[in-house]
Amino acid sequence: MKLRGRTAVVTGGTRGLGRDVALALAGAGATVVVAAREVADDPGDGLIALKADVTAPDSVASLMDTVHERYGGPHIVVANAGVSRPGPVASLSVEHWSEVVETNLHGVFHTVRAALPYVRAAPGGRIVTMSSLLASRVVAGAAAYCASKAAVEAFTAVTALELAADGVTVNCVAPGYIDSGMGKALIGNEALWPRLAPSLAAGRPGTGDEVAQAVLFLASPQSGYVNGQVLRVDGGVR
Ligand SMILES: NC(=O)c1ccc[n+]([C@@H]2O[C@H](COP(=O)([O-])OP(=O)(O)OC[C@H]3O[C@@H](n4cnc5c(N)ncnc54)[C@H](OP(=O)(O)O)[C@@H]3O)[C@@H](O)[C@H]2O)c1
């Protein structure tokens, strides 16, 4: 129970990879708040759900204040909420481009900025952002998503430098093709998956828990001297 006494916020923790991460943190003893635009009164498994929209700075600020007042901290923040709106640049709508960048990039900034006064209040704070294999290995038709995730990795590196003196680490997890959340649809896509599958050195997609265990390490006291890194959880990609 290495996270006993710690409060964690996982944005986008209501389903998919975010929920896998929330369960791993809770399993390690943390009090875990999952935040999304639509939340159940009781998200189950001992998790706590609060409504928040990461694209709205006031909404995320209010989330962090509420968490602090009710549960203490937050000491751990996982900026996980993300969306994908595929389409070639020539036909990608301005709305879809904006939605992806506002959620995946601006949302991470709003989340981290709102959490900072609490996370840096005591040494040992942990921030984990969520990138993607597609930040570094681009595919046609994913311009907005790839650009937003590459920017998240740069944002993570800069923030890590700025918070290191406070004893706070900021790291990023970059999942590959994962059989959870939005990855499920990709794996089920009969036109696309046969072209992507041969690139997987492991010969299979990853599981949500394999990603969650990487986040758990970066959220734990054991990773105290790991900072500004991107941990790629993709099983090896050719
Ligand atoms: N699954 C994969 O294979 C994979 C691979 C690489 C990277 N990733 C990354 O991992 C993260 C989680 O992905 P996932 O596959 O778990 O996606 P998912 O199943 O679609 O879940 C996305 C989560 O984000 C929340 N969300 C979306 N927009 C939000 C907003 N504006 N404010 C607050 N919450 C918002 C959603 O809840 P609401 O809609 O109710 O707000 C939901 O809880 C994303 O950053 C994604 O890019 C996933």
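**The ligand and its surroundings**

With three residues, α1 gives the most to the shell around the ligand; helices (H or I, at least four residues) and strands (E, at least two) are DSSP runs, numbered from the N terminus. This is a predicted model, in which local features need pLDDT of at least 70 and side-chain atom pairs count only at pLDDT 80 or more, whereas totals for chains, interfaces and linings use all residues. Residues are numbered from 1 along each chain as its sequence is written, and side-chain values use heavy atoms, with hydrogens and water left out.

At least two residues of the shell come from each of α1 (16–27), α4 (143–163) and α5 (182–187). There are 30 residues around the ligand, and Thr14, Leu17, Asn80, Tyr145 and Met182 come nearest; a residue is near a molecule if one of its heavy atoms lies within 4 Å of it. By class, the shell holds 11 nonpolar, 14 polar and five charged residues. Here Ala, Val, Leu, Ile, Met, Phe, Trp, Tyr, Cys and Pro count as nonpolar, Asp, Glu, Lys and Arg as charged, and the others, Gly among them, as polar.

Polar contacts are pairs of N or O atoms within 3.5 Å. For Leu17, a backbone N or O atom lies 2.7 Å from an oxygen atom of the ligand. For Met182, a backbone N or O atom likewise lies 2.7 Å from an oxygen atom of the ligand. Asp53 places a polar side-chain atom 2.9 Å from a nitrogen atom of the ligand. Of the 890 Å² of accessible area that the ligand has on its own, the protein covers 94% (Shrake-Rupley method, 1.4 Å probe).

The ligand sits in the largest pocket, in the sense that more than half of its atoms lie within 2 Å of the pocket's grid points. A pocket is an open set of points on a 1 Å grid over the protein atoms alone, where a 1.4 Å probe fits, with protein on both sides within 12 Å along at least five of seven lines; lining residues have an atom within 4 Å of a point. The volume of the largest pocket is about 1200 Å³, taken as the space filled by probe spheres set on the points. Its lining comprises 45 residues, with Gly82, Val83, Ser84, Tyr145 and Met182 nearest the centre. The largest share of this lining, four residues, belongs to α5.

Two backbone features remain. Gly73 and Pro74 are joined by a cis peptide bond, and Pro74 is found in the loop between α2 (57–71) and β4 (76–79).  Asp45, a residue other than glycine, has a positive phi near 55°.

Notes
A polar contact is a pair of N or O atoms within 3.5 Å; within protein, one must be able to donate a hydrogen and the other to accept it, and residues adjacent in sequence count only if both atoms are side-chain atoms.
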